[in-house]
Structures are given as structure tokens and as C-alpha cells.
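The structure is shown first, and the account follows.

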Amino acid sequence: MEIFNNILIYFVIVPLLTILGLAFCSNRGIGAVRAVAVAGATVLMALAGYLVYLFLQARGAGDTSEMILCSEVTWYAPLNIKLALGVDGVSVVMILLSAFIVFAGVFASWKMDPLPKQFFLWFFLLSTGVFGFFISIDLFTMFMFYEVALIPMYLLIGVWGSGNKNYSAMKLTLMLMGGSAFLMLGIIGIYFHSSADGQWTMNILEIAKNDAIPHSWQMWLFPLTFIGFGVLGAMFPFHTWSPDGHASAPTAVSMLHAGVLMKLGGYGCFRIAIYLMPFAANELGWIFLTLTGISIVYGAFSACVQTDLKYINAYSSVSHCGMVLFAVLMFNTTAMTGAVLQMLSHGLMTALFFALIGMIYGRTHTRDIRDMGGLMHIMPYLGVGYVLAGLASLGLPGLSGFVAEMTIFVGSYMHTDIFHRVLTIAATCSIVITAVYILRVVAKLLFGDVQNEHHRELTDASWEERLSTATLIIAVAIIGCFPNFFVNIISDSFLPIVGALENAAHAAGVM
Amino acid sequence: MPLSYTIAVIAIPLIMFLFLGLSGVKMGKKTTGIIGVIAMLITTILAYGVALTYFFGSSEGQIVDGVRKAVTVFNPDWLTFSDTLVVRMGIMLDPIAAMMLIVITTVSLMVHLYSLGYMCDHHGNAEKGFQRYYAFLALFTFSMLGLVVATNLFQIFIFFEMVGVSSYLLIGFYYTTPAANHANKKAFIVTRLADLFFLIGILILSFYTQTFDFFSNNVNGIIGMLDDPQASLAQAGTTTFMGCSAMAWALTFIFIGGAGKSAMYPLHIWLPDAMEGPTPVSALIHAATMVVAGVFLVARLFPMYVLVQGTMDIICVVGAFTAFYAAAIACVQSDIKRALAFSTISQIAFMMTSLAVSSADGQLIEIHGGYGLGFMASMFHLFTHAMFKALLFLCAGAIIHAVHSNENDKMHGLHKYMPITSIAFLIGCLAIAGIPPFAGFWSKDEILVAAYEKGIGWGIWMTMVAGMTAFYMFRIYFLIFHWKKHEVHTEHEPADQPWTMTLPLIILAAISIVAGFVPAAKLVTWDGTPLHTQLNWTIAGTSVLIACIGIGLAYKMYYKENDLPERMANSCRGLWTAAYKRFYMDELYQFITHKVIFQGICKPIAKFDRAIIDGFFNMLAEVTNRTSFGIRKMQSGSIQGYVYFYLIGVLLLAVITMACVLL
Amino acid sequence: MDYSQFLMMPQEIGLLIVFLLVFIYDTFMPARAQRFLPIFTTILFAIYTAFSFIPCQMGELFGGMMETNPATWVMKCILNIGVFIVFLQAIKWTNEDFVSVRRGEFYELILLTLFGMFLMISSRHFLLFVIGLETASLPIAALTAFEKRHYESHEAAAKYIFTAIFSSAIFMLGISFVYGMSGSLYFNDIANALSLISSKSILLFVAVAFVIAGVGFKLSLVPFHQWTADVYQGAPTAVTSYLSVISKGAAAFAFLIILVQVFGSAYHQVWEWMLYAIIILTITIGNLFAIRQHNLKRFLAFSSISQAGYIMLGVIAASTVGMASMIYYILVYIFSNLAAFGVIAAIERQTGKVTMDDYNGLFKTNPWMAFTMMLAMFSLGGIPPFAGFFSKFFIFVGAASTGSVAIYVLVFIALVNTIISLYYYLLVVKAMFIRQDECAIPYIDSHWTEELGMTISVMGIIAVGIASNVYTFMSQISDSVIHIFHLI
Amino acid sequence: MNLTLLMYLIPSLIMFGCGVYGFLTRKNMIAIMISLELMLNSIDINFVVFNRYLFPGQMEGMFFTLFAIAIAAAETALALAIIINVFRIAKDVDINKINKLKF
């Protein structure tokens, strides 16, 4: 089949092959399992790098088409459902991000116990879903991969999690499935209005080209779709799965979930909700803008009083992901570029956070900051890593957080409407609150005197932990130091979306 | 172009930071220090080269008809927001930038050298984290240099953050001690709050100007825009929000950003606590360089500020008040570093005020070359103050190193133990008190002149503060070195420190003596045109007189041990305690942050999240469960029950649909 | 009378031949050969199933009392597959001591009921339909009472037979009204007659309601469902699995034919809204009851009730898309449910344990069974990439294809219910994978026939979704019988 | 609809109602069987009457009735068998006794 000439399909095939390979590993030795997992992750990394190269080449060669590497194979002919692949700048960088985090995640769960084999099986099924979501441009396949990515979370948290894991796992799964229930209805609705001449299609590009969804339908399909993705994007008030879920999840799962899975939400919001229903986006945008604005400040404030490390990061994720949706709703290229940068930066640094927390927890067996202190003495590597992650998330120039937030703020403030500008200023306040809770944690956790004498015997990071964290730190620093490289990849991808929004606004103005 | 090697001035410290930070632990501590000093020495030499080339070189049209223009060495794009809004990372040289290069590198070099001795105990072995210390010093130097040569507002903001972080790291150098741990948090958060306003200011400004650059080569930069009324900046001047023009809002916010770094009232509270850091750090960051970043920022945007009188008045009031407030507190502090910190605040307030007063209208142009005078004075004072305040701090460091305490009751009568330090300190005091011919006299005199031109009241106020300065500095001096005989309470007698520490003192003392004769008026002016200033003897005379009175008073009270201070303190105990407690500003902040924000906002929100939001979703699940329990009786288990159900079901089905459809 | 028309019903004929052979074997073979009756029957049935896939000449028989068309043909093939899997899983059970004496009857009765279902599916005349219905439902009472020594078995049988007779009485009363209105029992004639008389006649509402009730009883739609749970729990597991998938599937198809072909003209006025209410009730109440079940057979009974609600979404669509989705859904549902019942049967046969708590830590001891069960649960819950996801998605698409907002609301309610259903399906997964138990069920060496049955089901669960040509074929089939919908 | 038709129809419906009532109120399973028979027979009457008075043309109703009688017989036989089984184990034919399976 000609689809196998497309590199994109291999982002799904490689994880599946890895799963197959893992299935043949024996339950006894962990060595083989590790080998297969590392091999899979490395191949994915290489593929992602090659994809970026291909993309730059294509753009360099003056290929200005909206999606490159497009290819499609009809799947369900009667419903005109295709397996349609294609990437633009945003998907490329998201794939790169996912590859990084999968790679780091494999090493972060090096000593996974019990049942390492099954763990990696589910882990790679999860990443299959993630990659599949980013490479496909057909609503049905996107949705399918989206759910493929959701369900392994249940077992990953339930079996390998900690704390109140049953409750958290069930809650997370059900809430996300609730989101996808909204989403499925939205998708079906979009499908049945996807074209004027009854040639229903699921292909995003065609739907956008036809632009046939009646306004009356947009007005309630847009909220359905946006909320459906917003639940995964931890939008206030649908975020409550995130603290419990992250707190109970094992390290690598928190990394992948906060790092990549939550990005599916933001990605879907502009790729499906906004792009396909620009009219409703213009009409109803302000409602969700207010909600996301709330979740930015709200998440930051509630992070200030948490004492469990993972809860702190879960709430800060609420705040940061809120910023993603916030920027997406600003409807201009700069802000949306900022949103993607924020996805990248939040993905990397939250993954870094969760990796470090997992490593610290693995040593101290507590995540309560009141029981810890002065760890900088004892485990300098982890300490420095944690400080770096903290500085990245409170927006130190030279690390990724700053670039993303500044792009978002400047872009959002470009909006001509005063309401949006005021909201932007309200959102900027989060940088102070972020500083407050990050420094609070750093001070209590790393500085000061050692609270617990037993901690003095603890060891610093082992090689695989160093590798896992170093990968992420380097990525964070690269984005922070050379943002233009990424901006150039991303920003063009939003021209069609912004164009659609402007046309819709103009049409509405005419009417 | 010949100035292109300026890049090295920035690059070397950065490289040093990465090098020492990554591979420092592998090397010996002393080696690290020496490498750091050597690198800093090279940087300093290069910086002097740059500054001199800029000031006295006359190549490729730096000087256009007698006006020295700004030179943009290079200016690559760093982050592209939109096709007009681009953040660039560049190097721009103009008088103040060149001057700051000299200040920063000099003080930084001195501190690098000094720390070689200071960061060791008395047996000469270096402290834990020596490499970290030098890495952070390099990081700070890099950030500060990057700040002053910034070509655009956003670059300044970026390096504002960078210096903030490096100061955070250096204050918290002894991170195991709770005080330092608390102080660096406080410093960072307060300055961060200020930076928030700075950011908002930038947003508002760039919304109208559509550029961040000051002088841009392709598009018309912010300051270049001032000339043509067609530019969108004019619109910023007209569009009003809540009565003030957008530009006024922007500039005020930006000033607040500067005020945070420069510890203007009420954002000054972090600076005294920042003294928890090692003393050389205080000398470098919290006396000479970083704290004047705010002044630098206002000076950088000076051409815009002079257009907005309202903002200038705000700055003027804040500055004047802060000067007096800090001086008053400095008069009663017992911790010498705290006292020096407050004197720093007061002196920076001098600079701010002098910037602000200089926007008086133009009838003075023929007298003093226009409203550039205050600007020039401020920059000049910044220069001299950096030198002698660094000197004072380093002396303090030497003393503390000798007696292991900051409290001046542990000192007393050190003169005969450490004479060099004593003399250096005396020179510093004379300089700051403004006694001719020391450096402080010249710069402060210009400030007073500018203040008098703004209005006689301002002049008198500032002169009085100058007198207080003289008083509290000499109070400290006498209390440390004389007052009464020193009783040794450490295992060894206090003595002058090793050469690595005394040499910087001597050098800085020398600079403080001669710095006043630098022709600042010719070089450092806001628009590059040299000013023609002559000493205004009436003003100078009065100020010197007042200063001498202050010194005399201090001599009377503190030279020999007596109970006069006690009695004066008792005579107005309340005032004294209030001043000693810094007028309870810290307590106020404590209340706001902990009681109001933490207890009043964060905790309720967190509770709301768990109870209401989360509770709602749990409630959904609970309701489902209860319903399923409630309807279980339907499945009664008896056949007749089933048939009842069946029959009623089918009849209802028929009837209801019939009703719905037929009616 | 020309006998060539019998060639149009080869599947029925084949089934009868199989039945007769089994009967002869059972009657005349010596006792020691009886042990091989199950395997003999299964192989025979396998051969028949294979042949039944051969397309044949189709058309009307017996002067239009019966019709075979591609749709009925596919439906019967699907049922054959299901029955084959049931037979596979029953072999070991039927050879046990208490059952062995009557093992022949088990197979004969099942084959007979299957024949009755075939009649239901392809009858175009109410007399034939009623005969088929009764043939399909009465022997099941006997099968339910098969576990002679278990009281539950008999209670279940009693409940079934009484409610069944009652509902068939109601059904026939409805038919008598229809006959009174239309004067015929041929589907087409009735349809024509009804389309002439005003659809506002009260008698029509009553008649339709009664007919829906009669067939809805076999489909176990709420409020005609209450026998389901008790019968499923009481009956032998083999019978339960047969009951839960085969008769449900056949009834669903017959339901579609009757509603669309006979009462098609009354779609919008009359039965769309009846069905609307019934679907909401069925899905919701089925789910609400399933949440609290501990006995897995009872649990699956309620889950199958809500599944029936989802199947009805394909009926209410009353379009070829809906029909295709429904047939596809039935196929997937057969595979998923039979996988689950296969595991339950195997475990029950060896340990007699059927409650959810007995399954704690099953994954440790019997990983493959736990895996099969998990796939079944995920497929029933509609989790990709398993077939259940596709069938659910398509049935929703089919329902929504009517385009009316009311149906969108219905779909939304169904979607919300999928969350509840996912919850209780995950409970089983949780028991097997997450909960730990010292006294977990020991390793079970299931018979190869049971394993074959599970394997086929798992294959179905995985393949039917990914391999899109299955659904494509279904939609071609339903397009080919579009004439059924000419009244809508 | 002419009068004679109603004269047959109404009694048959009453008969059906009696059957339902008996089903719902009797305790003895045999009695319940009998009331079920009532219901089935009333249906047969329906068919015959409809056939005779409305559509005398062809015989469908009659045939249906014949088959219905046969089916009813089969049902009764099966039900009786099961009742006997239940009686063997439960030693009782009270319908309220057989409700072990519930909820």
C-alpha cells in the first residue's frame, strides 16, 4: 500500500512493533524488556528528528501547502471515513515533544516494579494513541487514537499507581470519557454538516474548505467540541481529575500524561473546534476565554497552599494549560504560536518535574514538603534539576517558560478588544503567583536544614535518572535559548486558522 | 567595526559561568577562583577599551555636529512575535551604557579579587560551594552587562529577570541558614512583583509603538519616534484610560518596575534582608550595580519621561520621600550592613530624584544646557556612588570577617587593630558625606543644583537629607573604629585582612578620591551634547556646611563613649523604636502576604476546589449510585410483579404516545 | 406446488438436516458413542455454517409468506457463527455427569429454537412469524430448566414461561387488532391497508404498542425486561450465552422488519416516539441496575439489556445506514458477549465461582482468561481499537443520520450512559487486574474447545473493527434491500 | 362496525381482562395457567370474529386460530412440566414462594 511510503504511519507502527516485541519478552528478566523499550523510544526519537528535517526541507523548498506529507487510504468507504495523514508545523513539534517525553519516560521508569513488561506494554499503547492523534487529520481516526490514548491510563494508574489509586484512576478515566462523550457527539454533528452537497466527510481540511456547517449548528457543536477537549486540557471547572490523577499515577505516566496527553486537549481545541467552527468561535469565544482566564489564576492560587509535591505540579499544570487555551482563544497568530510554545515548554518542564518528584519520592518515600528539607545537600543533582525546572516554570529567560509566556502575553495584548486586553493583564499576574509557589517549594524542599535524619543516607541520581532528566533539561534550555527556530516552524501553521476566523468575522459583520 | 569586540565583554562572563558551573566541582577551589579573577580582569580591560573608544574615538560618525550618537554594534533577532514586534538581542553603546560598563566591570573585578580572601576561613581554606559562588558572580556580571547594553526594552526586561535570579542565587548562597533562605525568596518575589508592572508597561507601550527598540536601524525606534508626530506614539500620548494618557500609564508602570529593583519606597523591603548574602555580593549587587538598574531604566527612557510631567512628579515625590525615609532609618540601625543598605536606598533615591527634577521647563536651558543637568548629575552620582559604596561595603566585609559579627557593639575601637580598613572606610564616609574634594561632593552638588532649579523646597529637602547622610555615616564610622576600647571576644585578635582583600580597598579608595574630577558633564548627557556646568558656590557651600554639622554632631555623640545617644533615644523613644523597626513596613507586608493573600485567598480557593468543584463531580457519581440502589425494588422477583410492570408499561406506552401525537 | 422454491431457503433446510442427523445419532447410536455426540454435533454444525455462507437464489416463498433476501441471509450466517461458538463452549459442560444423560436434547432444542429464529427473520406473514416466535421461545424454557438439580434453574424457567406466554398473548392480541384493521396477515398487504387508513386511529396505537411489547419481550427492552436477569442467572451458562446473544440478535432483526415493513407508514406518528422512550428507559435502567450486580451472569444480563437499547438506535434510524449499523452491532455484540461468557463458563465449570469478588487477582493466576475478559469488557464498553468502539460509533452515526435534533438528544443520552457502562465494565477489569487476593482462583486448564471458542471470539473482537470490509459488506447488503424502507 | 361484531368482540375482551386479572391475583400456579388459557382463547375469538364479520372473503383468521390453539396447547404442556419440576423441589405451587432471584 502506498501509505507505507509515508513516514508518518511509522509513528504508529513503531510503538505497535514495540508492543509486539514486549509481548514476546519473558516475564522473568527485565533486561530484555528494557532493551526493547529503549530501542522503541530511540527509534521514535530518530523518526521525530527526521520528520523535523523533512518539514524544514519542504518549507525551505517553498512548499507552502497547509499540511505536508499528506496521504490517505479509505477505511470505511460507506461513511467516507479515511485514514488521512498529514502534518503541519504544530503537529511536527508536538510529535517531537512526544518523542522526547516517551524517551525520558522509559528511563524514568527504569526500575519499574512489579510487572515491568505489562507496564511498558500499556505505556507504549498510550504513546501509540498520542502519536496517532498528532499525525492524523481525519476526525474519526483522531478521535479513535484519542481514546486509545485515554484508556491505558486506567490500568497504568490502577496497577502501578500509589495512594488512593483506585479512586483516582476511575475518576480520571470517567471524566475524560465524559469529555470524549461530548466530543463524539460534536464530531458526529460536524460530520453530518460537513458539506453542502451531502458528500459527508471526516477530513478536517475538506470540512474547513467546504465551510458548510450552518451557524445555528456551530453554536452548539462548538461548545461540545471545545468542552470535550477542554476537559483533557484541564479547563476550569473540568480540571479536578488532574490533581488526583497525577498524584496517584506512577512517574512515567504522570510525565506522559501531563507532558503530552493534556496537550491533545489544546491541540484539538484549535485544530477542530476553532478551525472548523470559526463563526461560533468568534461568537462564544469570550465565555471560554473567561473560564480559561479563571483557571490560570485559580490554578496558581490553589497551588500555593498544597503540601504534596504532585498536587502542586498538578495545579500549576492547570494554570499553565489554562494559559494554552487562553492564548488559543485570542485568535491571532502570535498568541497561538505562544500557545504551542507553552505546550512544548509545559510538556517538557512538567515532565521534568514529575520525573524529579518520582525520583525524590523513590528515595524519601514521602511527597509531603513538610517532611523534607535540605535535600540540596544530599542529592545535589536532583536538587539542581528541580531548581532548573522551577525556574523554567516561573519563566526565567533562557529557559522555555519565559519564551512561551511572553509570546502569549504580547500576542494576547495585541487583541484590539479592550476586554481581551484587560483579561490579558489579569493573566499576567500569574507570573508572580507562580514565583511564589515555586520558590516556596524550593525553599522548603531543597534549602534549609535536613528535616529527617534518615534522609542523610540517601543517594544522588543514578545514571539512567541522570540521562532521563538531562534530556529534558537540555530540551528546555534549547527552546529557551533559540526560540526563533521553533517559532518559524510553528507560526505559519496558524495562518489558515486565523484566516478562517477572520473570514467568519467578516461574514458575520456583513450579515 | 572596531567596537565589535564588545561582544567579548558580554561573552566572557557567560562562558565563565557555564565553565565554572559545569566543571567547577572537578577543579580545586582556589583554581576556580583564580580563573574567575583572570577572566574578569580580561573583561575589565576590554570594557575600558570599549568605553574609551566610544567616548574619545571619533570614528564613523559617532559624533554628528558635536552630538555623540548611540552606536548599535550588532542586533540579531532573537524571538519573533509578529512581523513588526521582534525581540532582538544586541549591543548598543551610548554614554550611559559605556559608563555602566566601566562601573560594573570595575566593581565586579574588585569583588572577584576580594572574594578570594573573603570566602576563606582564617586558615585560608575556601568555604563549601566556592566554585558555585564564582559561577554565580560570573552569571550576575553577564546579566548586568547585558542589561546596560540592551538595544530594546524587552532585552532590558529579560536581563532584569536574569539579574533578579542571580541575586536570588547569591543572596541564598548560605542556603542552609533560614534567614538567607527567607531573604532570597523575599527579594525575588518583591522584584518579581515590580517586574510584573514593568511587563504590563512594556505591553501597553509596544501596543502603540509596535516596536521594542530604542533606536532601530530599520524601523523607527521608540525614542526615535519622539521626533515625528505622525508616529503611533503620538496616539499613545492622546488615547486616555481613566484620565491619564496610555503613555503615562505605560511609563508609570515601567517606573514601578525600576522602583522594585532600585528599592524605592514601598518596594524597598527586600534590600535590607538581602544583606544575608556574603558581603562582597552585597557590595557588587546590592550597593553598586543591580540596585541602580531601576535608575538606569528610567534614564534609558528619559526622553520619553520628560514628555509626561505627571509621571515625573510621581517619581520626584517617591524619590525625595525615600531618600529621607531611608536616611532616617539608617541613623539608628545597629547592624552595619543594614545601615549601609539603608544609606544605599537613600543614595539611589537621590539619583531618582535628580532624574525626576530635571524635567523642569526650558527657561534654564541657557543657564545649564537644559534639563539634561539632572540627568547628568544622576548618572554621575551613580558612577561615584558605585565606587565609594562598594568601598564601604568591602570595608564592612573586612571588619565582619575579622570580628564574625554584623552588630557594631561587637566592634568599637577597631582603629588600632585594622588601620588600613579604617582609613579606607573614612575616605568612603567623606566621599558619601560630600566633603570636597572627594567624589561624592561633585556629583551630589550637581544633584542639589538641579533640585534647586526644580524648586527651592526640593533643594532644601535634599540638602537636609545630605546632612543626615553625613551624620549617619560618621555615626557608623565612629561606632566601629572608636567609641571605646575593643574587647576581643574571638579566638584571635582582629587585624587587617590578607592582600587579596586590602588591595581592592586601596584601589577603590583611590578611585573615590579622584572620581570627582571625571568630566562627566562633557561625556554623560542624555542627548550626547556636552553640558557646560560651573560650580554653584552658594549651593555647594551650604551643602558642605550642613554636611560638616552632621559630622560634628556624630563626633559629639559617638566619638567617645557617652550616654548622650541613650538619652536622645529615650527622649523620643517611640520615634526611635519606630525608626529602628523600619517603621513597621515589614510587618505590614507580612500581614498582607500571609493573612490576606495566603489565608484569605489561596486557602479558600483550594478548599473551594476540593469541596465544591470536586464535590460536584463526586456528587454526580453518588447520585447515580443512590438511584441505582433506590430503584432496585423494581426487580421484585415475583412473576406477578413483573407482569404488572409489563402491563402498565405497555398501556402507558400506548396512552402517552397517543396523547402526545393526537392532542 | 413447485418444490423449486425450497431452494430459496437452503439455510433452513440445512439446519433441519443437521437437526435430523443429531436426532438420529442421539436416538439410535449406542450409549458408549453418546460421549461423542457433542463433538459430532459441533463438527456437523461447523460444516453447515461453512456451507450456509454460500450465497443462494433468493426471493419469496410460499406465496409471499416467507422471503429470503441478502439481509436475512447475512443475519442467519451471523447467528450460525454465534451458535457455533456456543456449541464449542458447551461441549465440555454437556459431557458432565448431571447433564450427560440429556445432552442430546440440549443440542436438539437449541437447533430447533434456531430454526424458529430463522422463521422469525424471514417470515413475511404474521402466522409464520408467530410460529417462529413460539418455536424460538418455548424450548428455551426447557433449556433454562436444564440444570435439574438446581432450584434456581427451575425458578428461572417458571418465570420465563409464565411471562413468555403472557407476552405472546399480548402480542397476538395486538396482531388480532391489526388483522381487524387491515384484514390480512401478509406484511405487505397490512402495510398497504394501514397506509390508507388514517394513522390517528386509537386502535393502531394500541396494536403497535402490543406488537412492540411482544417482540420487545424477547429483546428484553424496558419495561418488558424483568425476566431477563433472573433467567440469565438461573439458566445454565451455555443457555444464558445462547439466550443473550442469539435470540436477542434474531429478535432485533425481526423487530426492525416488522416495524419498518408493516408499520412503516406510522413511523413518525406512532412508533418513533414509543421507541424513543423505550430506548432511553432501556439504556438507563439497564445501566443503573448493572452497577450494583456482583453475580457476573446477572451483571451481564443487565449489561445486555442496555446493549439492546443501543441496538434499538439502529432501528429508530429506520434507514439503510441504521440497518447496516445494527447488523454490524449485533455481530460485534455476539463476539464480545460470547468471549465474556466463555470465560465465565470455563471458570464456573471448574470452580463454580461466578461473583465478581471471586475474580480478584485473576490476572496473576490466569493471565489469558483475564486478558480475554478484559477485551470483552473493553469491547462492550466501546473502547478502541476493539470492535465495540466501531459498532457504537456507527450505531450513533446511523441514528444521527436521521438528522432530527430529537435524535441528537437521544444519542447524547446514550453517550452519557456509555460513561456509566464504562464504569461497571471497568469494575470487572479492576477486580481482575488491580485487586489482589491470596485465595484467587487457581490456574484453570480449560478444555481446548473452550479455548477455541474464546480464541474465535477474541479474533472477532480485534479483527471485525479494524477490518473495515465487514462493515462495508453490511452496508452493501442493507443497500440491496432498500425496498424494505419504502414506507418511511 | 356492525352490532353483532361488537356483541362478540366485547365479551372476548372481557374474557381477556378476566384472564389478566386472574394472572395478577391468583396464588396457585395452576390457576394462573388457566387464566392464561382464558387470554389465549379470547384472542382466538377475536380472530374468528374479525374473519367472519369483516373479511369473510378469505380464511386467514380461522387458520391463525387453529395454529394459535395448537401453540396454546404446547405452552400449557411446557408450563405444566415446569410447574411439576418446581413442585418437586419447592414442594409448593404458590407463585409468591418462587422469588429467590431478585434485585
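## A helix pair within chain A

In this predicted model, helix α9(A) passes α12(A) in a right-handed crossing. The two helices span residues 215-232 and 278-304 of chain A, respectively, and their axes come within 9 Å and cross at roughly 45°. That angle makes α9(A) oblique to α12(A).

From α9(A), the contact draws on H215(A), Q218(A), M219(A), F222(A), P223(A) and F226(A). Facing them on α12(A) are F279(A), A280(A), A281(A), E283(A), L284(A) and F288(A). By class, nine residues of this contact are nonpolar, two are polar and one is charged.

A second pair joins two chains: helix α27 of chain B (residues 639-662) packs with helix α7 of chain C (residues 151-182) at an angle of about 25°, the axes lying 10 Å apart. The helices α27(B) and α7(C) are therefore roughly parallel to each other. Their crossing is right-handed.

Chain B contributes I639(B), Y642(B), V643(B), Y646(B) and V650(B) to this contact, while chain C contributes K159(C), F162(C), T163(C), F166(C), S167(C) and I170(C).

## Chain B as a whole

Chain B contains 27 helices and eight strands. Its C-alpha atoms fill a box of roughly 115 × 70 × 60 Å along the principal axes. Of the 663 residues in chain B, 57% are buried. Among contacts in chain B with a separation of 6 or more, 80% link residues 24 or more positions apart.

## The nonpolar core

The largest nonpolar core has 712 residues, and A390(B) and V208(C) have the most contacts inside it. Leaving aside residues up to four places away in sequence, A390(B) touches V107(B), M110(B), A283(B), A287(B), A288(B) and L508(B).

## The interface of chains A and B

At this interface, 37 residues of chain B are in contact with 35 residues of chain A. On the chain B side, at least two residues each are supplied by β4 (77-80), α5 (153-171), α6 (178-209) and α26 (585-630). The largest share, 13 residues, comes from α6(B). Sorted by class, the side of chain B that touches chain A comprises 24 nonpolar, six polar and seven charged residues.

Technical notes: Residues numbered from 1 in each chain as written. Chains lettered and ligands numbered in written order. Predicted model: local features only at pLDDT ≥ 70, side-chain atom pairs only at ≥ 80, totals over all residues. Contact = placed C-beta atoms within 7 Å. Helix = DSSP H or I, 4+ residues; strand = E, 2+ residues; numbered from the N terminus. Nonpolar A, V, L, I, M, F, W, Y, C, P; charged D, E, K, R; others polar. Buried ≥ 20, exposed ≤ 12 C-beta atoms within 10 Å, placed from the backbone. Core = buried A, V, L, I, M, F, W, Y, C linked by C-beta atoms within 7 Å. Axes fitted to C-alpha atoms, helices over the stretch in contact; angles between N-to-C directions. Parallel < 35°, antiparallel > 145°, perpendicular 65-115°, else oblique. Left-handed = near helix turned anticlockwise from the far one by under 90°.
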